[in-house]
Amino acid sequence: MKKKIFAITLTLALAFGLTACGSGTQQAETTTTAAAERTQLVVGFDAEYPPYGYMDDKGEYTGFDLEMAQAVCDLRGWELVKTPIDWASKDMELDSGAIDCIWNGFTINGREDDYTWSVPYIDNSQVIVTAKDSGISTLADLKGKNVGVQSASAALNVLNGDQSAVKDTFASLTEYGDYNTAFTELQAGAIDAIAMDIGVAQYQISSRGEGYVIIDEILAAEQYGIGFKLGNTELKDQVEESLMQLVANGTYATLAEKYGLTDYIILEAE
Amino acid sequence: MDFTTMLLQLSTGMLESVKIFFFTLIFSLPLGLLICFGRMSKNSLIRNIVKVYISIMRGTPLMLQLLVVYFGPYYLWGANIGGKRFLAIIIGFSINYAAYYAEIYRSGIESMPVGQYEAARLLGYNKIQTFGRIILPQVIKRILPSVTNEVITLVKDTSLAFALAHMELFSMAKQISAAQTTFMPFVIAGVFYYVFNFVVAILMEKAEKKAAYYR
């Protein structure tokens, strides 16, 4: 009897699994056709990622990327729905259609084939942040040091990929859920350096005050783009068209200045 | 961000946590009783299915279950899950906590002496009357301390909703902390959780005193 029940449960589980494989592909087609009568744009973002997306002093979600998204929606007559997501679940959120795009300091490099990308709009280098008195000034100085990085981040990809030789010299590499924790540990001396995006690094340093430096030698030069579900070129084209209008009318440059990103913007009016 | 705004923001997060808490209790307490009956069923098929259910619910992390409940419908059937975040959280919490409550109920029901059932039958009570009027009131009395344990754990577990990026107290504290680069929100969140649990503990103690009518 017991064996029979086990067999039945197993068969049911398998059947569910098989139907799942079949229906997954159909869904991808139906979501893209829905774009024609679009009334809203659901932007997924990590609300712990200033200056691109974060909670401002009044408790509203804001940031360079979210204001750009708002401007695009204003042009298109869409309603912007800001949906904070857990960064680790971003692929599930995007695939399942819970969000339309990831617009939040999203590094293209290394993920080229995983999403349908907009044009790159921010130059973003991966850098090392360390305490001023740490004596670390080059990547070679990181030998035998404890380094922190955000999990599932571009900096981590670089350390596991092109810069794995540098990573191998570290005493340890700790993955953090958010930069706030990493910085607190840096402050407390638990780690010696953090690998992260330059824009975020500057925000952290300017709001935390003295005591931190970005070392001159960069880990990798990268770019940010807006990530759409693979194959959703229709929505990508619409957003991109409006994005270029914002570049032409100066909104892009104004917002970049507001968030201290002027040095990193790369789109130019045609 | 000044202190008042921070408190205000965290209070809206607290409200979300409280919502998760109450909805979970409302659904999981009765569901637990149903599962408990299934667990004690004379029908071995039902009993074994429920056993497997309880085993899975207790044997896997709640955070993982929340992810499965939310994203599962899409991956299994390609369903559109937009806007179903809160629903998924309530379902996830309820089916998980129901499994724990079911076992607590069972411990209470099985601790009742057989003599009580026999006496009730002698007095002409039918099965439903026996359970509703004689067994259940005593069971509630016995299991209250264990239920208090689970209820307090639930208050703290609401923070797991951050896995689905629901803006409850803990997610809110994380976000404010990131934007303001300070740990203050976590301290405040800790105080909020403690005060809430303190109130829960007092209420449950009162309930226990009220139930102790034979002492």
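Trainee: How many helices and strands are there in chain B?
Mentor: Chain B has eight helices and zero strands, where helices (H or I, at least four residues) and strands (E, at least two) are DSSP runs numbered from the N terminus. This is a predicted model, in which local features need pLDDT of at least 70 and side-chain atom pairs count only at pLDDT 80 or more, while totals for chains, interfaces and linings use all residues. Residues are numbered from 1 along each chain as its sequence is written, with chains lettered from A and ligands numbered from 1 in the order in which they are written.

Trainee: And what box do the C-alpha atoms of chain B fill?
Mentor: Taken along the principal axes, the C-alpha atoms of chain B occupy a box of roughly 70 × 50 × 25 Å. Of the 215 residues in that chain, 34% are buried, meaning that 20 or more other C-beta atoms, placed from the backbone, lie within 10 Å of the residue's own; 12 or fewer makes a residue exposed, and anything in between partly exposed.

Trainee: Let's take H8(B), then. Which of its residues are buried?
Mentor: Pro185(B), Ile188(B), Ala189(B) and Phe192(B) are the buried ones in H8(B), a helix of 28 residues (184-211) that reaches 41 Å from its first C-alpha to its last. As background, an α-helix has 3.6 residues a turn, so residues three or four places apart point the same way.

Trainee: What do the buried residues of H8(B) pack against?
Mentor: They pack against helix H1 (3-39) and helix H7 (169-180) of chain B, a contact being two C-beta atoms, placed from the backbone, within 7 Å. A related pair is Ser11(B) and Ala189(B), whose C-alpha atoms are 9.1 Å apart in space although the two are 178 residues apart in sequence.

Trainee: Is Ser11(B) buried, exposed or partly exposed?
Mentor: Ser11(B), which lies in helix H1 of chain B, counts as partly exposed because 13 C-beta neighbours fall inside 10 Å.

Trainee: Which residues in H1(B) meet H4(B)?
Mentor: The H1(B) side includes Phe23(B), Phe27(B), Leu31(B) and Arg39(B), while among the H4(B) partners are Ile90(B), Phe93(B), Tyr97(B), Tyr101(B) and Arg106(B). Residues 85-102 of chain B are 100% helix and 0% strand, with their end C-alpha atoms 26 Å apart.

Trainee: Changing topic, what does the secondary structure of chain A come to?
Mentor: Chain A comes to nine helices and 13 strands, and buried residues make up 39% of its 270 residues. Within it, residues 40-263 are 34% helix and 29% strand, and the end C-alpha atoms of that span lie 31 Å apart.

Trainee: Where is the cis peptide bond?
Mentor: It joins Pro50(A) and Pro51(A), with omega at about 5 degrees, and Pro51(A) is found in the loop between strand S2 (48-49) and strand S3 (53-55) of chain A.

Trainee: What about phi of Ala152(A), positive or negative?
Mentor: Phi of Ala152(A) is positive, near 60 degrees, in a residue other than glycine. Ala152(A) sits in the loop between strand S9 (146-150) and helix H4 (154-160) of chain A, and is partly exposed because 14 other C-beta atoms lie within 10 Å.

Notes: Expected span 1.5 Å × (residues − 1).
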